[in-house]
Amino acid sequence: MARSLHVFAPPSPSPSPRLLRPRLPSLPHHRRLLHREIFRASTSPPPAPDLGPAVLASDNGISASSLAATAAAAIDVDAVTEAEMKENGFRSTRRTKLVCTIGPATCGAEQLEALAVGGMNVARLNMCHGTHDWHRGVIRQVRRLNEEKGFAVAVMMDTEGSEIHMGDLGGAASAKAEDGEIWTFSVRALNSPLPDRTIHANYDGFTEDVRVGDELLVDGGMVRFEVIEKIGPDVKCRCTDPGLLLPRANLTFWRDGSLVRERNAMLPTISSKDWLDIDFGIAEGVDFIAVSFVKSAEVINHLKSYIAARSRDSDIAVIAKIESIDSLKNLEEIIRASDGAMVARGDLGAQIPLEQVPSAQQKIVKLCRQLNKPVIVASQLLESMIEYPTPTRAEVADVSEAVRQRADALMLSGESAMGQYPDKALTVLRSVSLRIERWWREEKRFEAMELPDVASSFSDKISEEICNSAAKMANNLGVDALFVYTQTGHMTSLLSRCRPDCPIFAFTTSTSVRRRLNLQWGLIPFRLSFSDDMESNLNRTFSLLKARGMIQSGDLVIALSDMLQSIQVMNVP
Ligand SMILES: Nc1ncnc2c1ncn2[C@@H]1O[C@H](COP(=O)(O)OP(=O)(O)OP(=O)(O)O)[C@@H](O)[C@H]1O
Ligand SMILES: CC(=O)C(=O)O
Ligand SMILES: [K+]
Ligand SMILES: [Mg+2]
């Protein structure tokens, strides 16, 4: 069937039979513009506003170090966001944030840069794959691009967890299992090359846990086997649903229509290998650690105190991945304990019936927002784009639904890690987000969700009331932007939680807080040094932003401050 979708970037030439589909127009103009703007933003200093002692240098004869000092003393904003703001006006900046899993298709400097230019806010590294050297290379490359090109891409490490999975197929990229074939799943340490039709299972208790007659699902059902015989460390299985086996694919087994949770349910959430990975992540200064297969709040609390002890002033945020039956059971306490959550639909769909995944997603997204935690919707958003340059209608509808639910972020998995069209997949997420968000503005569809109190102190309660009121005022008055000055980022997330109808300019003194705010809905994070004199902060910010063409005289702004717990409504002078 021919597929086409006109809003997206064009497919690259390919000999596939799908070429019957109509050709799309060439590279959209805005994409080229974006490149040019970024080039400018990253290679020349911003026009110097007539403000502050460090911005007096003239255009000629400035040394690189004084330029850097100028930028540091002035204001830092992600070069991509700045370019988007200049191009489309800041009112239509994208509210939904984008996470890309980095893998062999995207680990090079050029590919990472292309993703950053395409709107990647967070780069995710899955510790199920790759060596520490490989991950270190990617993290450092991302940091280098941030410094050299003015991006603000944050890094998320995702733990392997104690899931049961297959080995790496002895180096083969994949293996085909045909209907009726007999395969052996073994807990033996196998040497490569592996014997024919033999797969290693990483969990020692595997052979004891499974029973003859059980159904074995690879990757939640991409391939199915029936257990026919157990012989010592080997389990013989007959393939009942043929398909492609991929290295380290996830394994679950089912009995009488439900997931079997024997001793594998007792496996630790954070394995000894995960602790080594976490030490590595702390040492490399990742911004987020996403914990796979969380079962209870306890493990989140444990990890958070470990991080606090290991790195005193660390800003590493802990994200709970909701992908198991236990995590659904203990959902509220897990989310309360975490700094955010991920709806990890891949494994979730292997643990609960598929038709329950959408309602679970909706419930998790809503609860996270109520509890003031950012939430990522992940897995198979654009699965077909691993192979094809355009998405299916169903995928576009799924992405739209996640945006419509006002999730903080959308994530690419295999599409960006090992797919053929990582940039195009990212473009689809970006275009669909922008389209739905524009539709809200056109239709004046404000979100008035009942938001429960989350404050734990009277001071927090004041901040919360200020944010709720400010968001409501912003919608009712039709203001152009909310400005929030924050040390910790707390008040910015309270504001983001209200999902107001205008962008939120978040000013923070800390580079790491700025990167972390990248995951939250509607926030445009800036790094800026400021004092507790709001009058002077505002004047300074207005001049800096005006000089860079990001706001104009007359724009209506509501300004909030964390430190002063203040709220002001004013026109940009
Ligand atoms: N660092 C990497 N090296 C090689 N391949 C990778 C890497 N990261 C991801 N991939 C490939 O991309 C696919 C999808 O990646 P992703 O990390 O989203 O897997 P997942 O199975 O959805 O996540 P999880 O393992 O956390 O459940 C993987 O199955 C793997 O083939
Ligand atoms: C992202 C992930 O871990 C999952 O979907 O299973
Ligand atoms: K993982
Ligand atoms: Mg998973």
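**Labels and their grounds**

Analyst: Of the 573 residues in the protein, 45% are buried, a residue being buried if 20 or more other C-beta atoms lie within 10 Å of its own, exposed if 12 or fewer, and partly exposed in between, with C-beta atoms placed from the backbone. This is a predicted model, in which local features need pLDDT of at least 70 and side-chain atom pairs count only at pLDDT 80 or more, while totals for chains, interfaces and linings use all residues. Residues are numbered from 1 along each chain as its sequence is written, and chains are lettered from A and ligands numbered from 1 in the order in which they are written.

User: What makes M120 buried, and which residues does it contact?

Analyst: M120 has 31 other C-beta atoms within 10 Å, so it is buried. Its place is the loop between α4 (109-117) and β3 (122-126), and beyond the neighbours within four places in sequence it is in contact with L98, C100, L115, V153 and L426.

User: What is remarked on in the phi of R406 and of R499?

Analyst: Phi of R406 is near 60°, a positive value in a residue other than glycine, and phi of R499 is near 45°, again positive in a residue other than glycine. The remark is made because most residues other than glycine have a negative phi. R406 lies in the loop between α13 (393-404) and β18 (409-412), and since 22 C-beta neighbours fall inside 10 Å, R406 counts as buried. R499 belongs to the loop between α17 and β20 (504-508), and with 21 C-beta neighbours inside 10 Å it too counts as buried.

User: How do you know that helix α17 is mostly covered?

Analyst: Seven of the eight residues of α17 (residues 490-497) are buried, namely M491, T492, S493, L494, L495, S496 and R497.

User: What makes a set of residues a nonpolar core, and which residues touch the most other members of the largest one?

Analyst: A nonpolar core is a set of buried Ala, Val, Leu, Ile, Met, Phe, Trp, Tyr and Cys residues joined through C-beta atoms within 7 Å. The largest has 82 residues, of which M156, I289, V291, I319, V343, I376 and L410 touch the most other members. This core draws at least three residues from each of domain 1 (27-89) and domain 2 (91-162 + 268-442), with bounds from an automatic or database domain assignment. Another core lies apart from it, with 42 residues, among them V484, L494, F507 and L538.

User: How do you know which residues count as being around ligand 2, and how do they divide by class?

Analyst: A residue is near a molecule if its C-beta atom, placed from the backbone, lies within 6 Å of it. Around ligand 2 these are S292, K321, E323, A344, R345, G346, D347, A378, S379 and S413. The shell has two nonpolar, four polar and four charged residues, where Ala, Val, Leu, Ile, Met, Phe, Trp, Tyr, Cys and Pro count as nonpolar, Asp, Glu, Lys and Arg as charged, and the others, Gly among them, as polar. Helix α11 (residues 345-351) gives the largest share of this shell, three residues.

User: Which residues come nearest to ligand 1, and what is the make-up of its shell?

Analyst: G103, N126, H129, S413 and A417 come nearest, out of 17 residues around ligand 1. By class, this shell has five nonpolar, ten polar and two charged residues, and α11 and α14 (414-417) each supply at least two residues of it.

Methods: Helix = DSSP H or I, 4+ residues; strand = E, 2+ residues; numbered from the N terminus. Contact = placed C-beta atoms within 7 Å.
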